[in-house]
Every structure is written in C-alpha cells, then in structure tokens.
2 protein chains.
Amino acid sequence: MTTYHEMPRAELEGIKARLDEEYAAIKAKGLALNMARGKPSSAQLDLSLPLLDILDSKADLHAADGTDCRNYGVVDGLPEAKALMATLLDDTPENVIVFGNSSLSIMYDTVMRCWTFGTGGHAPWCTLPAVKWICPVPGYDRHFGVTEAFGIEMIPVAMNDDGPDMDEVERLAASDASVKGIWCVPKYSNPGGVTYSDEVVRRLASMECAAEDFRIFWDNAYCVHHLFDDAAQQDALLDIGVACQEAGTPDRYFKFASTSKITFPGAGIAAFAASPANVAETKRLMGPQTIGHDKLNQLRHVRFLKDAEGIAAHMRAHAAIIRPKFELVARKLSEGLAGTGIGSWSNPRGGYFVSFDALEGTASRTVTLAKEAGVVMTGAGATWPYKRDPHDSNIRIAPTLPPLEELDEAMDVFVCCVKLAAVEKLLEA
Amino acid sequence: MTTYHEMPRAELEGIKARLDEEYAAIKAKGLALNMARGKPSSAQLDLSLPLLDILDSKADLHAADGTDCRNYGVVDGLPEAKALMATLLDDTPENVIVFGNSSLSIMYDTVMRCWTFGTGGHAPWCTLPAVKWICPVPGYDRHFGVTEAFGIEMIPVAMNDDGPDMDEVERLAASDASVKGIWCVPKYSNPGGVTYSDEVVRRLASMECAAEDFRIFWDNAYCVHHLFDDAAQQDALLDIGVACQEAGTPDRYFKFASTSKITFPGAGIAAFAASPANVAETKRLMGPQTIGHDKLNQLRHVRFLKDAEGIAAHMRAHAAIIRPKFELVARKLSEGLAGTGIGSWSNPRGGYFVSFDALEGTASRTVTLAKEAGVVMTGAGATWPYKRDPHDSNIRIAPTLPPLEELDEAMDVFVCCVKLAAVEKLLEA
C-alpha cells in the first residue's frame with residue numbers, strides 16, 4: 001500500500017474529496033459521543049453495586065481492632081484497609097497510609113508538603129530559586145497540572161517501550177540539583193500503556209541524583225488493571241520500593257494507588273506507601289490537616305473486595321467489559337490507517353488508554369474536526385506539560401466510557417478526522 | 001460559705017486530708033473514663049444509622065441534574081448538596097463548595113492556599129517575613145495546630161461573654177499588616193460556649209485592617225447544635241457574610257461547616273462558603289488538587305437530612321441525648337465547687353464543651369491527677385496557642401462521649417481533683 005506521503009497530489013485530492021463527503025455525512029448525524037476521559041462505563045460501575053449493600057444499618061460497624069468506624073479518629077487508616085491497599089501498592093501494611101477518595105489529592109498534598117515543609121530534613125522547595133521536574137511524555141495531564149500549579153518547571157522526556165528514556169532521565173537528575181522529582185505511571189502508563197522494565201526501575205532507584213531529596217512519584221494507578229486474564233498476557237512490574245532498598249536509596253519514592261477504577265471513581269479509597277522515614281514524616285505533617293479519613297468507606301471496601309484475590313476476580317469482570325472496546329479500537333485503527341503512514345498507536349495489555357500519534361502537526365486539527373462532528377476527544381497537547389505538544393501529534397483515546405456500539409461509531413469518526421487532517425496538511429505542503 | 005482562699009491553714013489541711021482519702025478511694029476503683037474529645041456518643045451515632053440504608057444497590061444513584069454519582073467529576077459538589085450545606089453556612093448555594101469528610105481539612109487547605117498562592121491578588125504569605133494570627137482564647141486546639149504548622153505567630157486575645165475582646169482585636173488588626181487572620185468559632189464556641197453578639201460580628205466585618213488580605217476563618221462548627229428545643233433558649237448568630245457585605249469588606253471571610261457532629265464524624269460531608277470572588281479563586285486553586293469529592297456520600301446526606309427542617313429535627317434528637325449530660329456537669333460542678341472560689345465554668349446553651357477555669361496554676365496538676373485516677377481530660381493548655389496557658393487555669397470538659405452513668409463518676413473524680421490541686425497549691429503558698 002502506498003502511504004499518504006508517497007501519493008501524487010491528484011490522488012490525495014481524490015481522497016480528500018471522498019473524506020469531505022464522508023465527514024459531511026457524519027456531521028449530519030448530530031452525534032454526541034465522548035472519548036475524552038478515562039472513566040469507567042455504567043456497566044463497569046454496576047459491578048460494584050453490592051458495595052452499597054455491605055454496610056447497612058444492621059452491619060457491624062466496628063473494625064477488627066474494635067474501632068467504631070462511625071466516630072472520629074485513626075488518622076492513617078484502619079489496619080485492614082492498610083492491608084488491602086498494601087496489595088495494590090506492592091508493600092507491607094506498616095508502610096501504608098490510607099487517605100480519602102482521591103490519589104490525585106494525595107499526590108498534590110505530597111508535593112505541597114515537600115514544597116512548604118521540605119522532606120527528609122532538606123530545605124522546603126518553596127525556598128529554592130527553581131524547582132524542576134522530569135515528565136515522561138506522553139503522560140497524564142493531571143500530574144502535569146499539579147507540578148504546574150506550584151510553578152515547578154517541567155522537562156519532558158520521551159517514553160520508550162520499556163519506560164522513560166533513562167539516559168536522559170539520568171543526565172537530568174545527575175546534572176541539576178533543582179531537579180527534584182519525576183512523575184511515573186509505571187504500569188500500563190497513561191496514555192501509552194507502557195510498563196517499566198526491571199532495568200528501568202533499577203536505574204531509577206540507583207541513578208545518581210544531584211538533589212538528595214529527589215523523589216520518584218510512583219502512581220501505580222493501573223496496578224491490577226489487566227485487559228487479559230491469562231498471566232502470560234499480563235505485564236509485571238518490579239516494585240520501586242524493593243529496588244530503592246537494594247540500591248541504598250530507601251527514601252527516594254512515594255507510591256500511590258486507589259480503588260477509583262476498581263469500585264467507584266470519587267467514592268473509592270486511596271492510599272500511599274513509602275519508606276518508614278517518609279511514612280513517619282507524612283503522618284507528622286498530615287496530623288494538623290485531618291483527624292482522619294472516611295473509615296466507613298474503608299470498611300465498606302475491605303468487606304467488599306476482601307483481599308488481593310478478591311480484587312483480581314473483580315478486575316477480571318472489568319476486563320470482560322473493556323477488553324472488547326480496546327479490541328475494537330485496535331481493529332478500527334488498523335482497518336482505517338494501517339499502511340497510510342499517517343498514524344501509529346499503542347496496543348496496551350492493560351490500563352485505560354490507547355496513545356495515538358497522528359501525522360506531525362495534525363493532532364489539534366484532528367481533535368477539532370472530531371469535536372465539530374460530535375465526538376469529544378481529550379484535548380490535543382494534553383499529554384504534554386503545559387498542554388504543549390511540540391509535534392502536535394499525540395492524542396489520547398479513552399475507550400472505556402462509551403458503550404461498544406457508540407465507540408464503534410466514534411472510532412469511525414476519529415479515523416475519518418485523522419485522515420482528513422493529514423490530507424489537508426499534506427496538500428498544504 | 002468561706003472560699004478556700006479565706007480558710008485558715010489548719011482547715012485547708014483538714015480538707016486536704018479528706019480529699020487525699022477520697023482520691024485514693026477513687027484511684028483504687030481502676031476507672032477508665034474519657035472526657036477528652038468532643039466526640040458524639042454511641043447513642044448519638046445510632047440516630048444516623050438510617051443514613052447507611054438510604055443508598056443501597058437498588059437506589060437511584062443519580063443527582064437531580066442527572067449526574068451518575070458513582071463516576072468522576074463535579075469538583076465543587078452536587079447542587080443539592082450545596083443547597084443542604086448552605087443552610088448550615090447561612091448562605092446561598094452559589095457561594096458554597098462541598099468538600100470531603102472534614103472541615104478541618106478545608107481550613108488547613110484554605111490557609112495552605114493563602115500561604116502558597118496568596119489570596120485576592122496579594123503576595124503569598126510564605127513570601128512574607130512574618131505572618132501573625134489572632135487567636136481568641138480559650139479556643140480550639142486543632143485550629144491552633146493548623147496555624148502552628150505553617151509557622152504563623154499566634155497572638156492570644158481574651159474571649160468575653162459576647163465574643164473576642166474586640167478592642168484588642170481591632171488594635172492588632174489595624175496596627176500590623178502581618179496580622180493576616182483570626183480563628184472564630186462564632187456560635188457555641190469551643191470551648192466557652194460563647195455566641196458572638198451582633199455588635200462583635202459587625203465590628204469584625206467593619207474593622208480597619210492593615211492587611212488588605214486579612215481573613216476571618218469562620219468555623220461555624222456548632223451552627224445547629226442547640227441543647228434546647230425552645231427557640232428562646234437557643235443562641236442566634238448574625239451571618240458574617242451579610243455583615244461583611246454591609247461593611248464593604250465582602251472578601252474578608254471564609255465560612256466552614258460540616259455534618260461531623262450531625263451524622264458520622266469522619267464519614268460526613270464538609271463545606272465552605274465565601275464571596276463570589278473567593279469561591280472562584282478557591283475553585284481555580286483546588287482544580288489541580290482533586291477531580292471531585294465523594295458524591296455518593298453527598299447524595300446519601302441529602303436524602304437522609306433533606307433540608308434545614310430535617311436537620312433541625314435530627315438535632316433535637318441529639319439534644320435529647322446530650323442535654324442531660326450538660327445538666328449533670330453543671331450540677332456536679334455547682335454541688336462540688338460553688339462558693340469555694342477555686343473554679344468557674346461556662347453554662348452553654350449549645351455546642352460540645354464546658355469551659356472550666358481552675359485556680360490559677362492548677363490546671364495541669366488537676367488533669368494529671370484525673371489521668372492518674374483513670375479519667376482522661378483534654379490536656380491542660382490545649383485551649384491556648386502552643387498549648388501554653390499562661391495562667392495554667394483553663395480545662396475543656398467534653399461531656400458527650402461517656403454514657404450518663406460514666407460521666408457522673410468522671411465528674412466526681414474531676415471535682416475531687418480540682419479541689420485537691422487547689423488545696424495543694426494554697427498550702428504551698
């Protein structure tokens with residue numbers, strides 16, 4: 001097949017004419033479809049409905065240690081909630097603090113604590129002339145939003161198939177003491193679906209850092225979010241905590257996880273794990289901020305999910321719903337774009353996204369065309385710091401929310417818009 | 001009756017001998033009673049058990065505007081939750097933001113935002129050489145903990161029967177631009193049970209402030225927490241928002257409230273109200289911190305409490321449980337200490353505490369004696385910034401948690417310890 005780049009102008013013009021017609025026909029349908037955010041679908045949320053029946057007025061509302069979960073207290077979480085969240089965090093319950101409904105809030109507050117109070121006895125970051133951050137791209141827009149809020153200078157670093165470009169990460173961390181951290185979604189990354197290799201994890205743990213208080217923000221958001229039930233088709237991740245202990249950098253990481261995409265986003269529980277020193281520091285600094293988080297919701301989650309095997313079984317039910325959606329996206333992209341040379345995309349084995357790279361300079365136009373045809377995508381550029389993709393190429397596809405039949409229609413629109421934007425661009429040249 | 005101060009030494013020694021015996025007898029009982037924290041009792045928590053049945057798996061989990069409360073979104077709260085919380089905040093729903101489970105966290109984060117980002121276009125407080133705060137005393141220890149965490153210098157100001165000593169508050173606010181705020185529990189204050197008079201509220205709203213970004217932190221924690229059902233026996237509070245609008249200082253206040261002592265502490269909902277400018281600023285700054293709070297819990301609370309009248313009815317049931325406890329405390333103090341000259345106390349019409357002033361220099365000793373006899377009180381000094389009561393006099397009594405029979409016993413212990421500490425002190429002289 002001839003790629004679009006190789007086609008004679010006349011042939012491209014013919015394609016454009018057909019795409020214009022196709023696009024006009026789509027627009028006439030008045031669609032209202034959404035592939036913008038990584039939200040579970042209604043069918044997925046239904047899987048967790050029993051969660052709402054588990055703590056009724058007749059239930060025992062005491063934790064295993066006798067705590068009445070209806071009253072104040074227990075700032076770091078119920079012991080059984082720590083044990084449950086430890087399975088998501090690849091850690092032991094003693095190193096876990098259970099927070100409220102949002103891991104994003106924990107990450108924001110963790111940056112805030114380093115910023116305002118400092119960490120590990122080092123100067124508060126707010127007192128430094130500059131603070132910089134390594135941001136693997138494409139990455140998660142809300143991570144970038146946190147560091148941007150604090151005025152931290154974000155430095156994009158490319159993602160490879162096995163994690164961030166470690167040569168560049170090592171160069172940055174070693175050469176500049178104002179580089180204080182890195183955002184990582186180490187498993188089924190947002191949006192690329194990449195799982196860091198053991199070598200990448202070990203290099204992160206052992207690399208030389210000019211800043212003694214360099215911190216890896218390890219957002220294991222998709223730790224159990226496999227698309228396939230067969231272990232051979234699931235990614236495995238080396239724990240950063242173990243790697244840092246082995247490397248003699250035990251305080252270098254903060255780990256985060258939540259049940260947001262396990263039970264109910266916004267009504268789940270979130271947690272943090274770190275070294276004993278970092279856990280002690282965090283408990284001390286969070287003491288003035290809260291008397292404790294929602295223990296009834298912690299208890300509800302413990303009784304519903306039970307343990308690692310309970311979570312795994314629940315996630316298999318999620319996978320059964322979303323796997324066909326990812327398969328549909330892959331098929332549509334392949335049927336519509338294979339061989340054209342105007343797009344490449346990820347084929348993740350877990351997580352919530354497909355990362356799509358359009359012809360350079362056409363991502364914004366593609367998203368605009370889709371929007372005008374009634375299909376909302378994540379904004380072009382969102383996967384880069386400051387929403388500035390210098391290639392105007394990356395688009396995050398979030399296939400989980402729409403029902404399969406809507407996704408089918410939305411992907412046809414998307415493919416048409418990718419092609420139309422590319423042809424427009426090539427004809428400009 | 002002769003006060004202890006007026007007694008001849010021999011008579012005091014006789015009293016001490018009898019108190020020593022009484023104390024030894026108490027100690028021998030091996031009690032384990034707690035009047036330390038303002039926690040609702042188990043019987044009070046039972047009042048809210050139906051809250052747990054209201055959102056089961058068969059319930060409609062959509063908000064009135066169609067939002068699926070199981071999924072992400074709605075950063076500032078469900079419209080119906082804003083309407084409910086507006087009744088606690090004496091405000092309109094548009095000026096309300098509903099947060100998570102803790103008003104303390106909202107207050108901490110509000111200080112944090114002023115500290116890190118500044119408010120109203122003014123310099124972030126972290127960039128200033130000094131930040132000071134007016135702290136009416138006795139006051140709430142966790143308030144003082146927040147300002148202490150940020151290194152804000154706390155200046156105690158006396159509470160009168162109608163609120164803080166406004167002459168002193170006005171002098172401090174007008175004379176020093178580094179004075180940036182004041183903690184207020186304006187109704188049934190913690191621990192004094194004082195409700196600010198209209199005049200005090202108006203003076204707070206209209207006073208001259210050297211700092212343009214001076215802020216009143218209006219923690220209306222006990223807004224509906226009356227001990228008596230008869231309106232004539234309930235305190236009324238002028239709204240600070242209205243007072244500030246009238247005084248031309250519309251951005252001077254932040255208001256806070258929660259359902260912590262209405263439904264379940266730690267598993268309730270909390271909210272904030274402020275001027276349109278402050279609400280817009282807060283929404284902008286909280287955007288990077290969270291995708292949204294627990295909407296299922298918001299919906300649960302709306303369906304259970306319904307509206308202002310629903311809350312009032314629910315609070316009457318609380319009052320029926322705790323009123324006898326406050327009456328018991330008043331009776332025990334009066335029977336044991338009236339006329340001795342070694343103690344004075346508040347007789348609140350609402351809230352959660354009785355403020356007790358022991359003979360100067362004996363509060364710590366009293367609390368230690370009580371603790372050694374198995375009765376845990378709030379630490380002496382806790383009602384002052386830095387836990388330093390210069391008079392070593394104030395003790396906060398929290399009568400709500402223990403059942404009535406335990407409270408009866410605990411108050412006997414407390415009265416004995418107050419007397420014993422006083423007699424020891426007077427004999428030292």
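Me: How many nonpolar, polar and charged residues are in the lining of the second largest pocket?

Reply: This is a predicted model. A lining is read by sorting its residues into classes. Here the lining of the second largest pocket has eight nonpolar, nine polar and four charged residues. The pocket has a volume of about 400 Å³. Its lining holds 21 residues, and those nearest the centre are Pro138(A), Met159(A), Ser355(A), Asp357(A) and Asn394(A). Two or more lining residues come from each of three elements of chain A: strand S4 (153-160), strand S10 (343-345) and strand S11 (354-358).

Me: What is the volume of the largest pocket, and which residues are the closest to its centre?

Reply: The largest pocket has a volume of about 480 Å³. It is lined by 30 residues, with Tyr72(A), Ile291(A), Tyr140(B), Arg142(B) and Lys261(B) the closest to its centre. By class, the lining comprises ten nonpolar, 13 polar and seven charged residues. Helix H4 (residues 103-117) of chain B gives the largest share of this lining, three residues.

Me: Let us turn to the sheet. In what order do the eight strands of the open sheet in chain B lie?

Reply: In general, the strands of a sheet pair through backbone hydrogen bonds, in either a parallel or an antiparallel sense. In chain B the order is S2-S9-S8-S7-S6-S3-S4-S5, and the pairing is mixed. Strand S2 (96-98) and strand S5 (163-164) of chain B are the edge strands, each pairing on one side only. The partner strand S9 (residues 270-273) of chain B joins S2(B) in the antiparallel sense over three bridges. Within this pair, Ile97(B) stands opposite Phe272(B).

Me: Which strands does helix H6 of chain B touch?

Reply: Helix H6 (residues 166-175) of chain B packs on the sheet and touches strand S3 (132-137), strand S4 (153-160), S5 and strand S6 (179-184) of chain B. The direction of H6 makes about 155° with that of S4(B). Helix H8 (residues 240-247) of chain B, in turn, lies across strand S7 (215-219) and strand S8 (253-258) of chain B, at about 170° to S8(B).

How values were computed: Residues numbered from 1 in each chain as written. Chains lettered and ligands numbered in written order. Predicted model: local features only at pLDDT ≥ 70, side-chain atom pairs only at ≥ 80, totals over all residues. Heavy atoms only, no water. 1 Å grid on protein atoms, 1.4 Å probe; cavity = no way out; pocket = protein on both sides within 12 Å on 5 of 7 lines; lining within 4 Å. Points joined across faces, edges and corners; volume = space filled by probe spheres on them. Helix = DSSP H or I, 4+ residues; strand = E, 2+ residues; numbered from the N terminus. Nonpolar A, V, L, I, M, F, W, Y, C, P; charged D, E, K, R; others polar. Pairing = 2+ DSSP bridges. Contact = heavy atoms within 4.5 Å. Axes fitted to C-alpha atoms, helices over the stretch in contact; angles between N-to-C directions.
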